[in-house]
Amino acid sequence: MNPTSTATRPSRVATHSRRAVHRHASWIDKLARIGYAAKAAVYVTIGVLAVMTAAGFGGDLTDSKGAIAAIGSKPLGGVFLVVLGIGLIGYTVWCIVFAWLDPDGEGTSGKALAKRIGMLGSGLVHAGLAYTALHMALAGGSGGSGGSGGKQSVTAKLLQQPFGALLIGIVGAAVIGYGVYQWVKAYRADFTKLFKTEKMSRTVSRTSVRIGKAGIVARGVVFAIIGYFLIQTAVQADPSETKGIDGALVELANQPYGSWLLGAVALGVVAYGVYTLILARYRRTVGKDRS
């Protein structure tokens with residue numbers, strides 16, 4: 001084996017990826033922006049419904065699928081669901097492009113690979129949401145209200161397997177860790193590196209940072225609660241302990257001063273949706289040196 005060719009292989013792969021990214025920069029950029037806008041619609045819907053619940057104006061505590069169902073139940077809901085489904089497909093493709101071609105130039109360090117794998121996982125989740133939206137559109141906007149039932153079914157099956165409880169506990173710890181990472185990310189404001197700050201006014205830039213911090217912190221809280229209940233599922237061998245976004249919000253509502261806690265986190269979830277919409281407008285999507 002030629003050691004020189006082995007040593008240069010990673011750089012050749014990176015160079016090939018960069019060329020592929022720039023060759024297809026236009027459609028990658030469009031997919032990313034459409035996808036972020038669709039993702040924003042889901043989070044804003046979840047947050048608004050939770051804010052309404054906290055304020056006593058009705059609403060519902062739901063997850064992503066429930067938010068899609070809520071959108072479909074409105075006038076012209078079928079049309080919105082088709083648009084949303086197409087947008088979520090765009091986000092899915094963007095996640096795959098991110099993981100495969102590395103448009104941000106993250107590299108191949110352990111941290112970079114973890115981020116790219118995480119984006120691939122996010123793409124798979126949003127592919128499922130795209131299917132849900134399009135399926136509901138074909139069904140006339142009808143569908144389930146979301147909830148944690150599907151997640152509980154998965155954990156119930158895992159608990160029946162050897163080392164299933166251990167695996168669930170490890171996943172729960174990882175989800176909590178991801179929630180903590182969100183808080184660190186918000187504190188450091190690392191996400192601002194993604195913005196085209198040269199195209200933002202000072203007011204827009206400052207506002208975007210504040211909204212981003214609030215939204216990312218709230219998302220971290222939700223993930224930490226979900227992770228905690230996954231660990232409870234493993235310890236108690238009880239799949240009913242498994243919670244999704246809706247279950248995490250319900251848990252907040254059941255605490256002392258629950259309406260205030262729920263309202264604060266719900267506003268944060270709305271802020272995360274707005275932050276994602278800001279990404280749709282101002283995110284750098286192709287290469288570190290793009291304008």
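**Figure 1. Packing of helices α7 and α8.** Helix α7 (residues 164-188) packs against helix α8 (residues 202-236) at an angle of about 165°, and their axes lie 7 Å apart. The crossing of α7 past α8 is left-handed (the near helix is turned anticlockwise from the far one by less than a right angle). Axes are lines fitted to C-alpha atoms over the stretch in contact, with angles from 0 to 180 degrees between N-to-C directions. This is a predicted model, in which local features need pLDDT of at least 70 and side-chain atom pairs count only at pLDDT 80 or more, while totals for chains, interfaces and linings use all residues. Residues are numbered from 1 along each chain as its sequence is written, and side-chain values use heavy atoms, with hydrogens and water left out.

**Figure 2. The salt bridge between arginine 116 and aspartate 102.** The closest N and O atoms of this pair are 3.8 Å apart (a salt bridge is a side-chain nitrogen of Lys or Arg within 4 Å of a carboxyl oxygen of Asp or Glu). Because arginine 116 lies in helix α5 (residues 110-138) and aspartate 102 in the loop between α4 and α5, the contact ties together parts that are 14 residues apart in sequence. Arginine 116 is buried, at 12% relative accessible area (buried means under 20%, exposed over 50%, partly exposed in between, with a 1.4 Å probe and protein chains only). Aspartate 102 also counts as buried, at 12% relative accessibility.

Figure 3. Arginine 283 meets aspartate 104 in a salt bridge of 2.8 Å, N to O. Arginine 283 lies in the segment after α10 (258-282) and aspartate 104 in the loop between α4 and α5, so this pair joins parts that are 179 residues apart in sequence. Both arginine 283 and aspartate 104 are buried. Arginine 284 forms a salt bridge with glutamate 198, with the closest N and O atoms 2.3 Å apart. Glutamate 198 is partly exposed, with a relative accessible area of 45%, whereas arginine 284 is buried at 14%.

**Figure 4. The loop position of glycine 56.** Glycine 56 is placed in the loop between α2 (25-55) and α3 (64-72). This glycine 56 is exposed, with a relative accessible area of 60%. The C-alpha atoms of glycine 56 and serine 259 are separated by 8.8 Å, although the two residues are 203 residues apart along the chain.

Key:
Helix = DSSP H or I, 4+ residues; strand = E, 2+ residues; numbered from the N terminus.
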